[in-house]
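Here is my note on the aromatic side chains, as requested. Please read it alongside the coordinates.

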Amino acid sequence: MNKRTSLLRTPYTVRICHWLMVICFFFVAMSGLSWFFPSLNWLNNLLGGPQLARILHPFLGVAIFVFLLYMFFRLVGHNLPEKGDGKWFANVGKVAKGEHVEELDTGKYNAGQKLLFWGIMGLISVLLISGVVIWRPWFAPLFSIPLIRIGLFVHALAGVLLMLLIIGHIYLAFWVKGSVDSMSSGYVSRKWARTHHPRWYRQVTGDSARKERS
Ligand code: HEM
């Protein structure tokens, strides 16, 4: 990695956390889907069959929550809402077409990424709380049957919403060329940083992005 042409965007511990969480998420999502439709039952073989999948699913779910909690504390400072976020949403059409909108002056994460961040954190909290309510044999006996029914519905709904959000996240991660470097090596090119996150680029380098682009 040439440090003269690259910038560290994601530190090692955050990257490890992200990828361990992705592995757990894959197995939890697959076992969850296996209980949705009889035709998808075979997916629970990925976790060693129906009984083992039923035991492991909640423990892996808790692991995802713990990994995300670490990411939350490391990244929340860059994902707080700002005045310019509304402007980003107003220009989302141009951003999607790959047009450069100078006035956006995006920081470390754009408004769409922030929305994803809070969406993931919110849904994972709902999944944890509803998951505890329906977790047999440990916690479910502490709650009434109507509450367990509500818990099951909320858990399934939040699970589907999170999977849809993650499909969008993966699509965008590959669609914006160079983004995956941020979570693999941790380094991104200076050009990528100047183009997509000019304010963050100026903060970490002290350079003027506008000056360098011209
Ligand atoms: C193959 C699957 C995945 C890929 C390729 C991927 C890729 C990425 C990349 C490239 C970033 C950094 C973006 C940047 O620096 O601008 C990122 C951030 C992140 N990812 Fe993923 N990801 C995947 C799955 C997941 C899953 C399953 C979750 C959660 C359940 C997740 C949660 C996050 C979070 C919370 C961030 C930080 C975003 C922010 O702070 O605004 N990712 N991911």
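The points below cover ring pairs, their surroundings and charges over rings.

1. Basis. The model is predicted: local features need pLDDT of at least 70, side-chain atom pairs count only at pLDDT 80 or more, and totals for chains, interfaces and linings use all residues. Residues are numbered from 1 along each chain as its sequence is written, and side-chain values use heavy atoms, without hydrogens and water.

2. Pair count. Rings of Phe, Tyr and Trp (its six-membered ring) pair if their centres lie within 6.5 Å; planes under 30 degrees apart are stacked, over 60 edge-to-face, the rest tilted. This rule gives 9 aromatic pairs. One of them joins phenylalanine 26 and phenylalanine 27: the centres are 5.3 Å apart and the planes stand at 75 degrees, so the pair is edge-to-face.

3. Exposure of that pair. Phenylalanine 26 has a relative accessible area of 40%, and phenylalanine 27 has 26%. Both count as partly exposed (buried is under 20%, exposed over 50%, partly exposed in between; 1.4 Å probe, protein chains only).

4. A stacked pair. Phenylalanine 72 and phenylalanine 117 stack at 5.8 Å centre to centre, with 15 degrees between the planes. Phenylalanine 72 lies in helix H2 (residues 50-75) and phenylalanine 117 in helix H5 (residues 111-133), so the pair ties together parts 45 residues apart in sequence. Helices here are DSSP runs (H or I, at least four residues), numbered from the N terminus. Phenylalanine 117 is buried, at 8%. Phe72, Phe73, Phe117 and Trp118 form one aromatic cluster.

5. Charges over rings. The criterion is NZ of Lys or CZ of Arg within 6 Å of the ring centre and within 35 degrees of the ring normal. The charged end of arginine 9 sits over the ring of tryptophan 200, 4.8 Å from its centre. Arginine 194 places its charged end over the ring of tyrosine 201, 5.7 Å from the centre.

Note on methods. Helices (H or I, at least four residues) and strands (E, at least two) are DSSP runs, numbered from the N terminus.
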